[in-house]
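Start with the structure itself.

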Amino acid sequence: MVDLRPLRTSKSFRGLWIGRTFAGLGSQLTLVAVLYQVWQATGSALWTGAVGLAQAVPLIALGMFAGALVDRVDRRKFHLVTLTGQAVCSVLLAVQAFLDVPVVVVLVLVAVQSCFVAGGGPAARTFAPRLLPADQLAAGLALQRISFQGAMLLGPALGGLLLGWVGVGGCYLVDVATFGVAFLGAFGLPAMPPGGEPARPGVRGVLDGLRFLAGHATVRGALLTDLAATVLSMPISLFPLLNAERFGDDPRTLGLFLSAIAVGGVVASVFSGTFTRLPRQGVVMLAGSTTWGLAMVLFGFAADPWPALGALVPAGAADTVSVVSRGAIVQLNTPDELLGRVAAAELVVGQAGPDVGNLRAGLVAHATTGTAALVSGGVLCVAVVAAVGAFTPGLRGYAYSPSSSSGGGA
């Protein structure tokens, strides 16, 4: 089962995990409310698509600069500042819901909130290596993954119920309330000054982080493996097409496709003790990404709904295995003084990679077929992961040791 040692041994990590769990659930409520409000105001898929753009652009544009700032200041204080900014934006979203404002105001508030996420995300990713010993870091990341997936599963459904019960404004207000728990977790953290030499200001600090990413083969290989899976074989944008071509365009089938990956991820997280306790996290990550690619090939050839779902569930499990292992490898191999910038790069990879992958899949399907887009993407994913493993012996042979982190049970 899931390794609960991080929650038992570190009070600070336990408070942070609980706070981020509530905040993650609240963010899903807000996402549902924003999409519903924008759709009701415009009736346009173009405008609802702009919501994702408003979230993604600040993360990509500001991520590395925010990471450099994280490596110059006390990370706990910076996290509190960005958390306050996110909470204020949620309050303003709740206020505008009771007023007659143009829809562009909603998008501006979403974009401003995403600016604070661009800073708070890298800061929060630096905490676990400080709070946990090396042999518990993967378990801690698995617990964070459970929190994220639980919010993805429960948040949209709960958001729909709240929209029908208390309306858009009430949904935003519930999100505001979740920040109270998040602040309790953040205030329970110890001081988090960056270790080593502070980052140089501005572009120079960003370039220092990029040089580290380019020069450290193990970290570079871990991020390239993740990009191989997300950019080359992301299937989400193909679900409506495949559902229409093979399964009668039944919306219930489409919903099951969307849920199957999350179900597999939750199962893998619940039983994450089977892989987080393994020292060879490099092999674990390569195996997870390879399994994802193979599952996409099987999904591409599936002619009936049940075999298709049977391919997507292990794909979701493989994704969780790969993401958790990648996080452990990257964080344990990154000097503390660079951790904010590398965490920012992880955030950009995790946010932008799937978006680019869905765009690639749509373009290939438009030029060929949905099956060709899926199968070719899965095959390319497996080939690139194999190449990364073959040419990156540091990643393939990576094994953590207790001395690789200075974290403790703070």
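Axes here are lines fitted to C-alpha atoms, for helices over the stretch in contact, and angles run from 0 to 180 degrees between N-to-C directions. The model is predicted.

**Helix pair.** The axes of α9 (residues 217-233) and α14 (residues 305-332) come within 9 Å. They cross at roughly 160 degrees. Angles over 145 degrees count as roughly antiparallel, and α9 and α14 are therefore roughly antiparallel to each other. Their crossing is left-handed. The table lists the residues that make the contact.

| Helix | Contact residues |
|---|---|
| α9 | T218, V219, A222, L223, D226 |
| α14 | V323, R326, I329, V330 |

By class, this contact of α9 with α14 has six nonpolar, one polar and two charged residues.

**Nonpolar cores.** The largest nonpolar core has 70 residues. Within this core, L131, F257, W292, F299 and L312 touch the most other members. Helix α14 gives the most to the core, with twelve residues. Another core, of 19 residues, lies apart from it; V32, A54, V103 and L162 are among its residues.

What does F257 contact, leaving aside its neighbours within four places in sequence? The partners are F239, N243, F247, F299, A308, L309 and L312.

**Site S269.** S269 is found in helix α11 (residues 251-270). Is S269 buried or exposed? Buried means under 20% relative accessible area, so S269, at 1% relative accessibility, counts as buried. Not counting residues up to four places away in sequence, S269 touches V2, A142, R145, I146, Q149 and T320. The C-alpha atoms of S269 and V321 are separated by 8.0 Å. Along the chain, S269 and V321 are 52 residues apart.

Notes: Residues are numbered from 1 along each chain as its sequence is written. This is a predicted model: local features need pLDDT of at least 70, side-chain atom pairs count only at pLDDT 80 or more; totals for chains, interfaces and linings use all residues. Side-chain values use heavy atoms; hydrogens and water are left out. Helices (H or I, at least four residues) and strands (E, at least two) are DSSP runs, numbered from the N terminus. Angles under 35 degrees count as roughly parallel, over 145 as roughly antiparallel, 65 to 115 as roughly perpendicular and the rest as oblique. A crossing is left-handed if the near helix is turned anticlockwise from the far one by less than a right angle, and right-handed if clockwise. Contact means heavy atoms within 4.5 Å. Ala, Val, Leu, Ile, Met, Phe, Trp, Tyr, Cys and Pro count as nonpolar, Asp, Glu, Lys and Arg as charged, and the others, Gly among them, as polar. Buried means under 20% relative accessible area, exposed over 50%, partly exposed in between (1.4 Å probe, protein chains only). A nonpolar core is a set of buried Ala, Val, Leu, Ile, Met, Phe, Trp, Tyr and Cys residues joined through side-chain atoms within 4.5 Å.
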